[in-house]
Amino acid sequence: MAMSGMRLGEMLVTMGLLSQDRLDEALKTQKQVGGKLGEVLVNNGYLTEEKIMKALSQKFGIPLVSLDSIDIEDTVLKIIPSHIARRYHIMPVTKKRTSLIIAMADPTNIATISDVKFFTGYHVEPVITSEGAIAKAIEKYYGAPQAVQLQKVMQDLGAGVDEQSFQLVEDEDKSDVASLEADAKQAPVVNIVNLLITEAVRKGASDIHIESYENEFRVRLRIDGILYDIIKLPQKYRDGVVSRIKVMARLDIAEKRLPQDGRIKLQMKLDDRVKNLDLRVSVLPTLFGEKIVMRLLDKDNLMVDMDRLGFEQESFAKFEEAIFKPWGMVLVTGPTGSGKTNTLYSAIARINSPEINITTAEDPVEFNLAGINQVQVHEGIGLTFASALRSFLRQDPNVILVGEIRDSETAEIAVKAALTGHLVLSTLHTNDAPSAVTRMVNMGVEQLLVTSSVILICAQRLIRRICQDCKEKIEIPPKALLNIGFSPDEASNVEVYAGKGCSKCGNTGYKGRIGLYEVMTMSDEIRRMILEGASTIDLKRQAIHEGMITLRQSGLIKIKNGITTIEEVIRETVL
């Protein structure tokens, strides 16, 4: 029942199964409580789910199936991996020669049918079943999705996590928050927060999302770049949990109308080992309460070994050569969460030595690195990237790391620093390496200065690795491999793998992440083209001609080496 509410409602009215008055009432209810129209109709008792499915089947001439009465073969299940089934909420049923029969709740979803056809290389024929039946079948054949099983742990909130295993690291300028802490120190609330942090660390999560809605209070974890629903907490704990986290982060517990940012330093005992954690806390007022996102900064998860980041050999050689140059600018580009900070930290760890003065301006400083002078940007008091850069130039630096070039002033100072004998490392938000040139020019940096200062641009993405404990070979038609960029020879010979799902990876088929890298060096020809105002497409074409491995090609290499899946590469790259 995933088709648009208006289309479904109008169809049911036209077929005489629903009155216009009841449709209007259901749409009004849907607007108030949210959810899908089909669910509202069933909950209100206007129609049964079975009647709605039969109506869809009759309307579109598509068979209605009962997944409970079908035994799906393993060969069919391997065509649609679990992550595809979960993402699109579909279930493979059977295959007939070049056709694949898939069960869907919304047979009008052409985008899903097209994506599955593209991914599998099969002609897709949909059949209809309910969303509940699909969810049940996915769990039956693929296993339960990865989730922290907090429900079971929290059946007795009194047990919780040993309070002695948590110790807040106090700031020197401790504020008087005794009365606020008292309100947020109810035993169940403390246990809930401790449990969430503990399980997030155990699962290797990068972020904890705590979200308030009208009728639910849910928690999600971002694991290997993907958000997973973890638990729906009782509504009565909402205010207590939010207050507890705000007190821990030294935020204003009484301010609920404005966004706030803070930090929690924790020392926790986990599996007989003491861990020092740094949590970056962001509080955002929403319609039904405050949303909290906690970013876990665990130094144990920081990988500064450049050899293990995921660079192809040719790309790595170019990047390493650039960071060992005495001056110039190296830009790392990509969206938020693509691993840019990790790459920059790895670069300065590589070149760090007692003979070199390295200074960084970051917002925020995510990890403390030995031997590096790190400055926390604080725009509220005037310590911006630009002002920090000006100060750096009076500190006799060899290498300057700028967390992000956000404006023309910062770009101008960074370029001047690169042109006056300093190596400057920084980041931009662009889709690929050639686009960074256009971004710099749009910021107001003259083309001549771009060509004179920038020596290398590296674009990157993060994709999930196949779990090595449940990795297995899967059959993909050569046509599908051609569609994603493999050559005819590669398409006929490449072996493709996916994770079946096991207890080690939470039945997702993935464990850990690796980078895709696109490294563009500033050759004489590319510099000439920039000065002549060449387009991003022309620059990319020339860079590929000179041997640049694109993000998509980097992904194809990792598919060929059995490191990741086709779906992951398609999700993060384009041809």
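Visitor: At what angle do helix α21 and helix α22 pack, and how far apart are their axes?

Guide: This is a predicted model, with residues numbered from 1 along each chain as its sequence is written. Local features need pLDDT of at least 70, side-chain atom pairs count only at pLDDT 80 or more, totals for chains, interfaces and linings use all residues, and side-chain values use heavy atoms, without hydrogens or water.

Helix α21 (residues 524-531) and helix α22 (residues 536-545) pack at about 170°, with axes 10 Å apart. Helices here are DSSP runs (H or I, at least four residues), as are strands (E, at least two), numbered from the N terminus. Axes are lines fitted to C-alpha atoms, for helices over the stretch in contact; angles run from 0 to 180 degrees between N-to-C directions. The pair is therefore roughly antiparallel, a label for angles over 145 degrees. From α21 come Glu525, Ile526, Met529 and Ile530; they meet Asp538, Leu539, Gln542 and Ala543 of α22. Contact means heavy atoms within 4.5 Å. Five of the residues in this contact are nonpolar, one is polar and two are charged.

The largest nonpolar core has 85 residues, and Ile80, Met91, Met329 and Met520 have the most contacts inside it. Such a core joins buried Ala, Val, Leu, Ile, Met, Phe, Trp, Tyr and Cys through side-chain atoms within 4.5 Å. Buried means under 20% relative accessible area (1.4 Å probe, protein chains only). Helix α16 (residues 408-419) gives this core its largest share, six residues. Beyond four places in sequence, Met329 contacts residues including Ala414, Val415, Ala418 and Ser453.

Ser453 lies in helix α18 (residues 447-453). Its relative accessibility is 0%, so Ser453 counts as buried. Its side chain reaches the backbone oxygen of Leu449 at 2.7 Å.

Last, Met11 in helix α1 (residues 5-14). Met11 is buried at 7% relative accessible area. Its C-alpha sits 8.6 Å from that of Ala55, 44 residues apart along the chain. Beyond four places in sequence, Met11 contacts Ala55, Leu56, Lys59 and Phe60.

Methods: Parallel < 35°, antiparallel > 145°, perpendicular 65-115°, else oblique. Nonpolar A, V, L, I, M, F, W, Y, C, P; charged D, E, K, R; others polar. Buried < 20%, exposed > 50% of the residue type's maximum accessible area, 1.4 Å probe, protein only. Polar contact = N/O pair within 3.5 Å; in protein donor to acceptor, adjacent residues only side chain to side chain.
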